[in-house]
Amino acid sequence: MALWPFRGFLSLRSRLLLSAALLNALFSVWASWILYELSCVVLQCRWRGFLSAILFCLTPANVFMAAAYSESMFALLVFSAMWRLEKGQQWTSSLLFLLAASVRSNGLINAGFLLYSQTKHFAFQLQAGVGTGVKPLQIFGRFLKLAVSLVVLSASVFLPFALFQFYAYLRFCNPNFSPEYAVPGPLLQLAVDKEYRVAASNDGEPPWCAWNLPILYTYIQDAYWNVGFLRYFEPKQIPNFLLAAPTIVLGSWATWWYITANPWHCLTLGLLRRKTEGMKGEDRDKPATGFYSPGVFVYMVHAAVLLVFGTFCMHVQVLTRFLGSSSPVLYWFSAQLLYDHEPLLQNGGLSSQHETPHSEKPSLGNSLPSWNRNENPVLAFLSNWKQTALLTKCILGYVLSYWLLGLLLHCNFFPWT
């Protein structure tokens, strides 16, 4: 029983709510550590990884990371799966992606990470074999192995969603299916109040049961949530679009920034090995670390797909927590902006009162600036607020205001993301 030592003075409902809050707090802290480890691998910079983890702790969707929602567990599972995949632990990563898809249905898109990893490995193998006398039969064998692995990996991620849809089909569409338990009275009353359909009721077969691909989730979104392409584009929804505007702007800016910084890499989908010898001009001088890193590409595509889908096909106010719990890109990009434009960081320390030229930045290597060991950067920014750059004020103002407003509004049943 949840928190049984408190059963003497807390009701079961209170203990369950407290348990959910404590678990989500644990998952959030755990997810921030995993994000740091993932960032160090992908960005090749511990300092920017640390900034990303700090920003995740201040995520604008913070209230949903603390309340009894699934975002914290989902973020933990997704970041863990990404980290394991970066370390080459494909099957562990597949299992974690499977668990993530069990927690939230938008985890299905994470199958793309597994597919891309396998495809990229295959493409690099082909390029390495050029001119070495690799026989066509060997290439065909590798391709066949790739095809089988793509099918198996995709099926593993889709399995939880498929099993739930099958269970729903049996409950709602099969008259011979006998449920093992009755629906509790309070839930029945809620269904009556909301005009929901109850499984095993006498209202006839639901229309989605006759679909060629009977997916309950699609029907619920259409019939009860009015979710669909451009359905939310109405004048009365302007406040919700304004609520999601910072996430839309930041996500779009990150996408454009990465494409313009790595046009060839994006054009070739990152499937061609980068050749640095003989390169001239800007391509040669671009750093291979941070948000510009080629390793960010697949994460950028993932975030862009979520951003487009959330903007045009969902309740747009959900976009903040939808993207904030599914992708590290917003945190990476914000950390990169702070790293590039915050003079207090470029000084290599926050105690100095004098700015140095923009070119004098902390090392791109794996060492953190010395001040970081004793001082939280966010607290340091706040204590030196007048000296911080305008961009820093905007980023911190966004995350901290949404952090506070989310707690105040959502906990008092006002509309929020």
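In helix α4, 13 of the 16 residues are buried, so the helix is largely enclosed by the rest of the structure. Buried means under 20% relative accessible area, exposed over 50%, and partly exposed in between (1.4 Å probe, protein chains only). Helices (H or I, at least four residues) and strands (E, at least two) are DSSP runs numbered from the N terminus. The model is predicted: local features need pLDDT of at least 70, side-chain atom pairs count only at pLDDT 80 or more, and totals for chains, interfaces and linings use all residues. Residues are numbered from 1 along each chain as its sequence is written, and side-chain values use heavy atoms, with hydrogens and water left out.

The chain has 18 helices and zero strands, and 45% of its 417 residues are buried. Just after α4, which spans residues 71-86, G88 takes a positive phi of about 85°.

The structure holds three salt bridges, each a side-chain nitrogen of Lys or Arg within 4 Å of a carboxyl oxygen of Asp or Glu.

| Salt bridge | N to O distance |
|---|---|
| E71 and R104 | 3.1 Å |
| R321 and E71 | 2.7 Å |
| D222 and R231 | 2.6 Å |

Salt bridges that share partners join E71, R104 and R321 into one network. E71 is buried at 1% relative accessible area, R104 is buried at 18%, and R321 is buried at 15%. R321 in helix α14 (residues 319-324) and E71 in α4 are 250 residues apart. By contrast, D222 is partly exposed at 37% relative accessibility, and R231 is partly exposed at 32%.

Definitions and conventions:
Expected span 1.5 Å × (residues − 1).
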